[in-house]
Amino acid sequence: MLIDCHGHYTTAPPALAAWRERQVAALAGGPAPDRADLRISDDELRATIEPNQLRLMDERGIDLTIFSPRASFMAHHVGDFATSSAWAAICNELCYRVSTLYPGRFAPAAMLPQSPGADPATCVPELTRCVEEYGAVALNLNPDPSGGHWTAPPLTDRSWYPVYEKMVEYDVPAMVHVSTSVNPAFHTTGAHYLNADTTAFMQLLQGDLFADFPTLRLVIPHGGGAVPYHWGRFRGLALALGKPPLEEHLLGNVFFDTCVYHQPGSDLLFDVIPAKNILFASEMIGAVRDVDPSTGHHFDDTRRYVEAAKLSEKDLAAIREHNARAVYPRLDALLTRQGR
């Protein structure tokens, strides 16, 4: 079985973006749109999924995708907590509806209603709702709700603890994933995403979060940003900071996905990071959608890189399926109920 742990609803019906535009415009004055104003039929959802994500999943042999709202659309820097709360609720519901239309192909994951300066504890009710009502198997956690200005405390700060406590209670992991950058110094997908992956890892290295939450699990996407390439640097910094070796300090709780879009980079990931810490992912129809002229295949067709790597059968099976089932226990339970 091939499980893609990193999918976003990047092809949502235009009505979603139109509702969001009205919501943002209302911040300058005027009434905000009501959630009931957004009407999207099941047929409209099918029309955006079947020729896009589902078609590519079939072509690439991907059995199931963990499906969350579009990362760049989370835009937590817009408005306040009330703005983010309404937006998150709508986006999470759409991903849930997709999972009910295609229960064997998609499992929902939730975005949180984060907002700059807001107490992360305010996100707990939406997290709870998505797990209990929608069966969410994971969530996306934005370490920088300010949109590229990094005003939030590090992920090891105790202000995040209410979210972690609820994650541990429900046994759900989080993918550490930023949203749009409004800082002109940082391109959203080419710089901000990869910066955030690297920054999140270093924050975790500096702290002792997993001493307080030994069962907490965090997935760092996009192959971990610069982490595998600079593994020696991070090992050395751990020594300098008096931390245990990274294998003891972080690798019981931190995982990386395979959203690396060329063979040499993928090979580096597999060479440096233990196979038990790598989960298959593609983030298809995401930041990089074109065909690589040097190969004739889409950059985000990551299955090709995984299968071309020099992996043992055991490691390949772990990356394709077994690691995801271990990191996402609610997904494993869902698949077991489905007889898979």
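This is a predicted model: local features need pLDDT of at least 70, side-chain atom pairs count only at pLDDT 80 or more; totals for chains, interfaces and linings use all residues.

Reader: How much space lies in the largest cavity, and which residues are the closest to its centre?

Author: The largest cavity holds about 80 Å³. Its lining comprises 14 residues, and C5, I66, A138, N140 and M175 are the closest to the centre. Strands β1 (3–9), β2 (64–69), β4 (138–141) and β5 (174–176) each supply at least two lining residues. By class, this lining has 10 nonpolar, four polar and no charged residues.

Reader: Which residues line the second largest cavity?

Author: That cavity, of about 30 Å³, is lined by G7, H8, Q53, M57, T65, F106 and M284. Both β1 and α3 (53–60) give two or more residues to this lining, which has three nonpolar, four polar and no charged residues.

Reader: What volume does the largest pocket have, and which element gives the most to its lining?

Author: The volume of the largest pocket is about 400 Å³. Among its 19 lining residues, L194, H222, C259, V260 and Y261 are the closest to the centre. Helix α8 gives the most, with four residues. The lining divides into 11 nonpolar, seven polar and one charged residues.

Reader: How are the axes of helices α14 and α15 arranged?

Author: The axes of α14 (residues 313–327) and α15 (residues 329–337) come within 5 Å and cross at roughly 115°. Angles of 65 to 115 degrees count as roughly perpendicular, and α14 and α15 are therefore roughly perpendicular to each other. In their contact, R325, A326 and V327 of α14 meet P329, D332, L335 and T336 of α15.

Methods: Residues are numbered from 1 along each chain as its sequence is written. Side-chain values use heavy atoms; hydrogens and water are left out. Axes are lines fitted to C-alpha atoms, for helices over the stretch in contact, and angles run from 0 to 180 degrees between N-to-C directions. Angles under 35 degrees count as roughly parallel, over 145 as roughly antiparallel, 65 to 115 as roughly perpendicular and the rest as oblique. Contact means heavy atoms within 4.5 Å. On a 1 Å grid over the protein atoms alone, a cavity is a set of points where a 1.4 Å probe fits but cannot get out, and a pocket is an open set with protein on both sides within 12 Å along at least five of seven lines; lining residues have an atom within 4 Å of a point. Grid points are joined across faces, edges and corners, and a volume is the space filled by probe spheres set on the points. Ala, Val, Leu, Ile, Met, Phe, Trp, Tyr, Cys and Pro count as nonpolar, Asp, Glu, Lys and Arg as charged, and the others, Gly among them, as polar.
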